[in-house]
Amino acid sequence: MAGMRTIEELLAAAPQAYRITVFGAEPHGNYNRIMLSSLLSGEKAMTEIVINDRQWYSDNHITLHVGANKTIVQIDRRNKKVMAQDGTVADYDRLLIATGSNAVMPELEGINLDGVLRFRAVIDVDTMLSYSRSHRKAVVLGGGLLGLEAANGLLSQGMEVTVLHNHEALLNRQLDKPASQLLQAELERRGMRFNMASQLKALVGDAKGHIRALTLEDNSELACDVLIVAIGVRPNMALAQAAGLYCERGIVVNDTLQTYDPSIYAVGECIQHRGETFGLVAPLFEQAKVCANHLSAHGVANYLTQPTATKLKVTGIHVFSVGDFQGDANSESIYLSDPNASIYKKLVIKANKLIGAVLYGDTGDGAWYQELLEQGQDIAPMREALIFGRAYV
Amino acid sequence: MSDTIQTTCPYCGVGCGISATVDKTHSHVTIAGDKNHPANFGRLCSKGFALAETLEVNGRLLQPQLFGQTSTWSNALDWVAQAFLKVIEQHGPEAVALYGSGQLLTEDYYVANKLMKGFIGSGNMDTNSRLCMSSSVAGHKRAFGADTVPGCYADVELADMIVFIGSNAAWCHPVIFQRIRAAKEARPALKIVVIDPRKTASCAIADLHLPLAAGSDTLLFNGLLAYLADHDAVDSAYIDQQTEGFSAALNSALATTQSTEHVAAQCQINSEDLQQFYQWFAQTNKTMSLYSQGVNQSTSGTDKVNAIINCHLATGRIGQPGMGPFSLTGQPNAMGGREVGGLSHQLAAHMDFSKPDDIQRVAQFWSSDRIAQQPGLPAVELFDAIYDGRIKAVWIMGTNPVVSLPNADKVKQALQRCELVIVSDCIAHTDTTALAHVLLPAQAWSEKTGTVTNSERRISRQRRLLTPAGEAMPDWWIISQVAQRMGFEQAFAYQTAADIFREHAALSGYENNGTRDFDISAFADMSDTDYEQLVPIQWPVNASHPHGKARFFADGKFYTPSGKAHFIAITPKPPQHLPDAQYPLILNTGRLRDQWHTMTRTAIAAKLNQHKPEPFVEIHPQDAKQYHLTHNGLAHINSRWGAMLARVQITDTQKRGNLFVPMHWTAQYASHGRMGSLVNPAVDALSKQPESKYTPVHISPYQPQWVGFILSRKALSLNHKDYWVKIKGEQFYRYELAGHDLPEHWPSWAQQQLGRLSSTPCLEYQDYHLGNYRTAQVIKQRLESVLFISRQKDLPERTWLSGLFSKPQLDDDEHRALLTGCPPLGKVDVGTMVCACFRVGEKTLVNAIKEQGLTTAAAVGQCLKAGTNCGSCVPEINVLLKRTLSVKTLP
């Protein structure tokens, strides 16, 4: 997504500047990966989540190479060429790497059993959907955003879903405890089950090599027909590394999204910028804008990571968090809760500035809080009304 | 199935007639003014208008109680009779006392007085009228030889000048004020003068306001007498023929008032204004002087009354239409109490202990050989005697002395020390019932039957509207039953109120022959039916005046031994306790528009609590600055006698150096709102009336750590020792709070105060850095309670939140806005309640004035109905008009 957004930005900024060739390992044009959850839950169809179909590529005179055999296997930096698995070669003046991320997989016995899936691409969704028709018990490993979206999707497909999470609170990196509890209560109300603060020890297969059960740290066993692993992602930098580009946890880029090779740029989940890696969509779009600005030789934009707001894409559940919502000894917290309406809000203030927010149930003012936070506005004059929302200020 | 019953209002001394429609099937009462009653001709004030809302059984005393245990009447009465007899046997009759009230009906009063003075044989029967009327009684006696109110209400429409002295009639006697206002509107030439240290609501219709220094009235009227003499404005013929003592009085006046300028300087008023008043008084034959507690409640109370009467005698302006001194009595039956002899120095039927013949006559009439021979103790001394242990047993009827007497903390201690405290009341929980050993349930206003006399000597019936609640009985029955059980069966064998009234009437005519003003002997033989149908009538009612009499003294005949009126030489003297370095300010006390006395009844009517919801203190802006007080902040006021907390109201209607606090709040409704504990116990040497309007005090800001409020559908038992005030609203109770200490954990503190379980889901808002904590409970979309706490002292207005308790369900917007305390966008906050009758708030009024371009109170009335019922908010509407219009015309 980051890659194609960069192309769109570039086309808008300098339509004639480049002859563009795009390689993709998935057999589609580009689609909205964020909507995979909706695809899984059946709320959206594939056609609805495609961003650019093949026609768009040809309309924009872009050469498109897609499919597994079009996966780039080598970058020849000296000759400025890339080569795909099937031997297709393309030379470049500028190369944009947007290889995204890979799911982190636990190194456990049985991790390669059939029925163990990740949740990264359309194919994963297709597989899950097909399992949902033939199997009953799904376990999702990981109570983060992706895991919960996967769990919700499978629940909508009629499976029995248990979420296995290694922390006592769901979305523990996005929510504080009261918000987590409300979220868990709501998901439980919808039929989701939880195994909290528990560690997976091993995966048990049946005779056919399909997953059958999970063994947990306390040696209890959990029946499991399908396991979705959603415990995090890692930048996909193998290709770049092989090409000798400087990488740490991701492909290291500067504020213009340029790698250590001046002809090569990188955006999205594969990069590392000022020590940070990325997993949410908002900064990716900003990277695309900045990167296109430099590719089109305007050369004035700098990329700076802003605090990113969390949103959970589960229909009917509204969750929002941004910034430092835990606070510290020098911060002050404001709370508002309405358990009957399942509303909880927390704002964290430091030196009269909003530095973090968690909203559950009523997230209508999330964007406004984010704005206040990004602008570093002095909130002292409106502090009393702040948590009730923009309408009351 | 409904009946319309003519009765009278139980509040102030105006004594308005009420037409009550009683729905027999639902016991529902609808109140309207009685169009035929000569006191009000259909008008009612906000308090009278709200009477139907005070009739709830909830909170009533329903059964006799002995030491906290419910008892039968028979047991309780036996016990009281035996206990009284025992005390009398051991310590003599002077060891017992009765303390009555201007709320008692004449028949109740008569029986109580007869029991104590006629049969127990002690003078120790006094009443709360001592706090209210006794200076007028003493003044009348000195000048006229009898406690006679010379004129009548109709005079206010005939007068060319009306002078209010120490009277905020706009709030305290609203209906007579409305009559005067109407007269002024119809005849703008009618001059109105207000003499009062405060610029009260009554000043709204005044041509002249003389904000005299508190307590300087005698000087002002001595000055007037001197001025009249100096300007040949006296009626020499009248003085010569009908009066005595003029030259002594004039000499005193001249000796103490060198010039009008000198008087003005002493009274701290503008000399031209004083000159103007004197000139108007000299020129205006039809002048009425209406006076009330500002005159009476003083160590110079009697002198003030006589200083006023002197000026009327000097000009011969008495007993004729449209003129005369006129005392506005405080209570509905203060006059009836005086007629039966309810004050401790009185005997009965305007006869006194001072005349041995009177004692003999009454003894004979009552067939008693035990009659008291000398006056008993007046209120303040009576409670001192209880404190000292000289009085061992006291029976308090229908009044709340722990609140209303001066030095009220001592009164409280006195009752705590007293061996036997009996209280008969209609309300279960008052500051006084809390200290009683025996509680006797009396019938309430809507249940009683009898007569009352208003300020113009008019006797009217109070009639039963509803079946008595619980086992409540008439006061006369309770007293008679005890009397019978004490061995006085024959003298107290009354079967009905009419029996008592006939006896009272007979006594008034007994060996009277025109020697006593009070004579209603025409009623001595009236039938029960005639009593039932009695129409309002002004005494005397006798053979000479079978249809009553509007005015006394037109013939120039008085009740003194010589038959001439007495001038009294007045030497002005300052109040007894003067301000000093430690207590530099003067505390004045008084009534509010929408409350009555100690709020036991008016505080039940939600709409009467909106006008002034909290105990407050009014202070001049410069004094506020000097004492570091902020508007709407809290202040700690203390005197040598006690202390209170009150909400600060900064206003230039208050004179510098003077504070004003309302008299109404009790421990039932406020933690620290009993002004009585501050008030000094000095009394007038003659009338024994306390100086409740002049106590030196000190004021300082009360700075709590936090402030807050609770609105709750249910009444709460707060566990909070610091500042609180309880205010009943429409389907909710409001508690204003402030505190010294921050609770460790607001949510658990809130649960405790609200009586909530910790598991109850509730809305919560916390910002501990600001010191804000708010919570609300909503059950099935209906608001149950809200609590707001702040360390910043800025809380939202309560109006919008309060209104939500009347809604069966909150809508989503309202629910979401709850803890902001402010209406969701598009909803209107009506502001502080101004018109209690039609529930019109200040913001509504201001908006209408602005938007509709209203310029007069009448136009406001047409537009919003505000001020068109009782009219008592019209002065406030005028203030709003003035303020709003003046803002509008600024460039």
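A:Tyr335 stands opposite B:Gln766, which sits in strand S32 of chain B. Keep in mind that this is a predicted model.

**Strands pairing across the chains**
- S24(A) pairs with strand S32 of chain B, which covers residues 763-767.
- The two strands run in the antiparallel sense, and 3 bridges link them.

**The contact between the chains**
- Chain A puts 15 residues into the contact, and chain B puts in 13 residues.
- On chain A's side, the elements giving two or more residues are strand S24 (332-338) and helix H11 (383-386).
- S24(A) supplies the largest share of that side, with 6 residues.
- Sort chain A's side by class and you get 9 nonpolar, 2 polar and 4 charged residues.

**Two helices packing in chain B**
- Helix H8 (residues 217-230) and helix H10 (residues 246-256), both of chain B, pack with their axes 8 Å apart.
- The angle between H8(B) and H10(B) is about 110 degrees, and angles of 65 to 115 degrees count as roughly perpendicular, so that is what we call this pair.
- From H8(B), the residues making the contact are B:Leu219, B:Asn222, B:Leu225, B:Ala226 and B:Ala229.
- H10(B) meets them with B:Ala249, B:Leu250, B:Ser252, B:Ala253, B:Leu254 and B:Thr256.
- Split by class, this helix contact has 8 nonpolar residues, 3 polar ones and no charged ones.

Key: Residues are numbered from 1 along each chain as its sequence is written. Chains are lettered from A and ligands numbered from 1 in the order in which they are written. This is a predicted model: local features need pLDDT of at least 70, side-chain atom pairs count only at pLDDT 80 or more; totals for chains, interfaces and linings use all residues. Axes are lines fitted to C-alpha atoms, for helices over the stretch in contact, and angles run from 0 to 180 degrees between N-to-C directions. Helices (H or I, at least four residues) and strands (E, at least two) are DSSP runs, numbered from the N terminus. Angles under 35 degrees count as roughly parallel, over 145 as roughly antiparallel, 65 to 115 as roughly perpendicular and the rest as oblique. Two residues are in contact if their C-beta atoms, placed from the backbone, lie within 7 Å. Ala, Val, Leu, Ile, Met, Phe, Trp, Tyr, Cys and Pro count as nonpolar, Asp, Glu, Lys and Arg as charged, and the others, Gly among them, as polar. Two strands pair if DSSP finds at least two bridges between them.
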